[in-house]
Amino acid sequence: MSKHIYMRSKAVHSLQRSAQDESKRNQRESVTEEKPNFLSWYKHHLRNFFHAVKFHKERKGTSVVNPDDGEDDGLEKKLVVKEEPTIIVQAIILPEISDPSLLLKEQSRRSLYTSLPALVQGRKWVMLYSTWRHGISLSTLYRKSQLWPGLSLLVVGDKKGSVFGGLVESPLIPTDNKYQGTNNTFVFTDKSGQPTVYHSTGANRFYTLCSKDFLALGGGGRFALYLDSELLHGSSACSETYGNSCLANSQDFDVKEVELWGFVYGSKYDEILSLSRKTETICRWS
C-alpha cells in the first residue's frame, strides 16, 4: 500500500517537472520569436528616420540620396552643386574724343555709340562745332559741318536740362525745301541719362531740312527737332519720319548749348582737329 502511494507520488512529481520543463521551453521559444520582431521594429523605425532626413534635405535643396543606394544604406549622401550659367559681358571701348562734351555724359555717349552704324564705329570723335567755342550761329554750324563729310551727331541741350538731337548727314547745305540724308540717320532724347533712340520708320524720307532760317530733323506733320537761325529757340514734336515722341521736356524750348560731332579716321584726326579749333567771333547770350 505504502509502496503504491510512493510510486503514485513519484509519478505526480515527474509530471510536474515535465510540465515545468515544458513551460520553460515555451518561454525560451517565445523569447526567441520576439527577438526578430524587436529587430524588425528597430530596423523599420531606423528606416523611417532616414527617409524623414532625406525628405527634409531634398526640400531644402542641399543634398539628395544617391538613387543607386538601397533603402538600408541611408547614411551615404551625395551633395549636388548647381552650376550658375556664366555671363560674359563684353566691355565697350569708346574711341578717343577730341574735347569734353558739355552735354553728353560718358554713359550717354556709350549708349549712343552702340546705336551708330557700323560704318562709323571705331572712328575718333572730333568736335566740329560748339556754341561755346565757335559762337551762336546757324551759318557757322553749316560751315563747320563741311570739315568732315559723312555722318555727324548733332547734340542740343535746353535750359531745363534735357539733352537730345540726332544723327545727320554732313555737310549740312542750306537748300530751299529740299530734304537731305539717308535712313541711317536717327533722333534721340536723353532726359534720364539713358538715351532713347528713334530710327527711321520708312514712312517718308524727310530726314534733314537745312535752311538759312532754320534747321529741322524729321517731318510728316511736325518736325522731330527744329532750331531757329540764331540757335536760341527750338521746338520738338512727333514726326512720321522717326515715330518719336517730343524729345524735350516741352514742345517749345530755349537752347543752352549745341554741339556737332564728326567721326574721323585716325589718319585724318590731327588735321581735322586743328581745323575745327579755329574759332569764330563768339557771341554769348544769357
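Analyst: Start at a turn. Strands β4 and β5 form a hairpin with 4 residues between them. In that turn, Gly 161 has a positive phi of about 100°. Strands here are DSSP runs of E with at least two residues, helices are runs of H or I with at least four residues, and both are numbered from the N terminus.

A word on the source. This is a predicted model, where local features need pLDDT of at least 70, side-chain atom pairs count only at pLDDT 80 or more, and totals for chains, interfaces and linings use all residues. Residues are numbered from 1 along each chain as its sequence is written, and side-chain values use heavy atoms, with hydrogens and water left out.

β4 covers residues 150-158, and β5 covers residues 163-170. They pair in the antiparallel sense over 8 bridges. Two strands count as paired if DSSP finds at least two bridges between them.

β4 has another partner, β13, at residues 252-264. This pairing is also antiparallel, over 7 bridges. Here Val 156 has Val 258 as its bridge partner.

How enclosed is β4 by the rest of the structure? Largely, because 8 of its 9 residues are buried. Buried means under 20% relative accessible area, exposed means over 50%, and partly exposed lies in between (1.4 Å probe, protein chains only). In a regular strand, side chains alternate between the two faces of the sheet.

Step back to the whole chain. The protein chain has 5 helices and 13 strands. Of its 286 residues, 38% count as buried. A contact means heavy atoms within 4.5 Å. Among contacts between residues at least 6 apart in sequence, 62% join residues at least 24 apart.

Next, the cysteines. The structure holds 0 disulfides; a disulfide is a pair of cysteine sulfur atoms within 2.5 Å. For Cys 238, the nearest cysteine sulfur belongs to Cys 246, 7.5 Å away. Cys 238 is exposed, at 51% relative accessibility. Cys 210 is buried, at 0%.

Finally, confidence. pLDDT is the predictor's confidence in each residue, from 0 to 100. The chain averages 81, and 66% of the residues score at least 70. Over residues 60-67 the pLDDT is below 50, and this stretch has 17 contacts beyond near neighbours in sequence. Residues 70-76 also stay under 50, with 9 contacts beyond four places in sequence.
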